[in-house]
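This report covers selected local features of one protein model. Please look over the sequence and structure first.

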Amino acid sequence: MICDNVSVNEKGHLTFAGLDTVELAEKYGTPLYLMDENKIRERVRIYKNAMQKYFPKNSVPEFASKAFSTKQIYRIMAEEGADIDVVSCGEIYTASEAGFPMEKAYFHGNNKTDSDIRFAIERGVGYFVIDNEEEMLALNNIAGEMGITQKALLRVTPGIDPHTHKKISTGSVESKFGIAIETGQAKEATKKLLSLKNIKLCGFHCHIGSQIFESEPFVTASEIMLKFIKDIKDTLGYTAEMLNLGGGFGVRYVESDPVIDYDEKIAEVANAVNRQCEALGLSVPVIHMEPGRSFVADAGMTLYTVGGVKEIKEYKNYVSVDGGMADNPRFALYESEYTVILASRANEEKNYTATVAGRCCESGDLIGEDFKITKPQRGEILAVLTTGAYNYSMASNYNRIPRPPVIMLKDGKDYLAVKRETFEDIIKLDI
């Protein structure tokens, strides 16, 4: 199995976090999101302990909310002592309503409106991650009107290619995010920001992309960022207290994906940061990282009920399920790979090749193509592994399909974290 929280029990049923997935499907219905709370907490602790071991005091991971935003995940992050990054007022509202300490929240986004800025300040968001000059000036004006000095980081682009999918690469010069170092604009923006009286610049932020398995791109990014910090210190007299290197370490979706030792990778980045700071004569800044996927992806699984098998002779086989792109759009967006298992007979040979198709009225509504699985029958349960990130958070009501519930699994027990949507929920805003 690609995940250590997945197994097969004496009934031949797939288990997740020690619980029988077929029984969970019978109890809650399908489609069904499962989340392994113990796995989430374990991964947060690995990051937090590694960062405190290898980086300066107060270095901490921030959970990237866009991967999985619910009230319960913010409660877990608060209990584990992680910070969070948020990218919308909806995420800010969810986190604050869950009781998360908002002074530990970092507000990202390349198009914060004036109302977004006011809402975030009213909700006590600790830091803004400023993306562009217009936002900088708007934040300064609104903070002044509201009588505060707002702490902030400036997002800059280091101009590197992390060799990941182009749609999840964010650190190149032409990225829509941040201000480029290479063009000189990041330095000019820093100079202007330091002149503003209602913003306190606390440091710099970068993000190079997602689903990265090696430390090398982060090492390269840190070297570029530290040289930038040194230049700013020498020419503008400002010393950055914090450097946020973003997120991006990958997770295993299929057997061919490598196994990552997150402690080891963080140590490799830390060694590079320490060497570079020594070479440049800089004190090592407090380091933040923003894991999202690697906190929650392999803590998630989605269960579906098989509707039928369609065999097109000499062409291909389809297995249809009662979910699809409405609850998991990632294949349609990125052609993302997954591991699929027939949960009802997980101990049987996987000798059938099939494309798993969703129920939406779209030819592109697929979970994936050419899976090797046990041939299913109508009514059996099919499991898709590693769906904890960017599945629930990207889910929609396309075709007016209600979104599935989220069931948390902890210490051998299950509990409801998010209710299943109803048809009434879908029309409640209609006039």
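## An exposed loop residue

Glu182 is exposed, because its relative accessible area is 64% (exposed means over 50%, buried under 20% and partly exposed in between, with a 1.4 Å probe and protein chains only). Glu182 sits in the loop between strand 10 (179-180) and helix 7 (185-194). Helices (H or I, at least four residues) and strands (E, at least two) are DSSP runs, numbered from the N terminus. From Glu182 to Ala343 the C-alpha separation is 51 Å, and the two are 161 residues apart along the chain.

## Basis of the values

The model is predicted: local features need pLDDT of at least 70 and side-chain atom pairs count only at pLDDT 80 or more, while totals for chains, interfaces and linings use all residues. Residues are numbered from 1 along each chain as its sequence is written, and side-chain values use heavy atoms, with hydrogens and water left out.

In strand 19 (residues 381-385), five of five residues are buried. Ile381, Ala383 and Leu385 point one way, and Leu382 and Val384 point the other way. In a regular strand the side chains alternate between the two faces of the sheet.

Strand 19 pairs antiparallel with strand 14 (residues 300-312) over five bridges; two strands pair if DSSP finds at least two bridges between them. Strand 16 (residues 340-342) is also antiparallel to strand 19, joined by three bridges. Leu382 stands opposite Tyr304, and Leu382 is also the bridge partner of Leu342.

Three strands form an open sheet in the order 1-2-3, with antiparallel pairing. Strand 1 (6-8) and strand 3 (19-20) are at the edges with a single partner strand each, so one side of each has no neighbour in the sheet. Three bridges connect strand 1 with strand 2 (residues 14-16), and Val8 stands opposite Leu14 in strand 2.

## Packing of helices 4 and 5

Helix 4 (residues 89-97) and helix 5 (residues 114-122) pack at about 15 degrees, with axes 10 Å apart. The axes are lines fitted to C-alpha atoms, for helices over the stretch in contact, and angles run from 0 to 180 degrees between N-to-C directions. Helix 4 and helix 5 are therefore roughly parallel (under 35 degrees; over 145 is roughly antiparallel, 65 to 115 roughly perpendicular and the rest oblique).

Cys89, Ile92 and Tyr93 in helix 4 meet Asp116, Phe119 and Ala120 in helix 5, where contact means heavy atoms within 4.5 Å. The contact residues are five nonpolar, no polar and one charged (Ala, Val, Leu, Ile, Met, Phe, Trp, Tyr, Cys and Pro count as nonpolar, Asp, Glu, Lys and Arg as charged, and the others, Gly among them, as polar).
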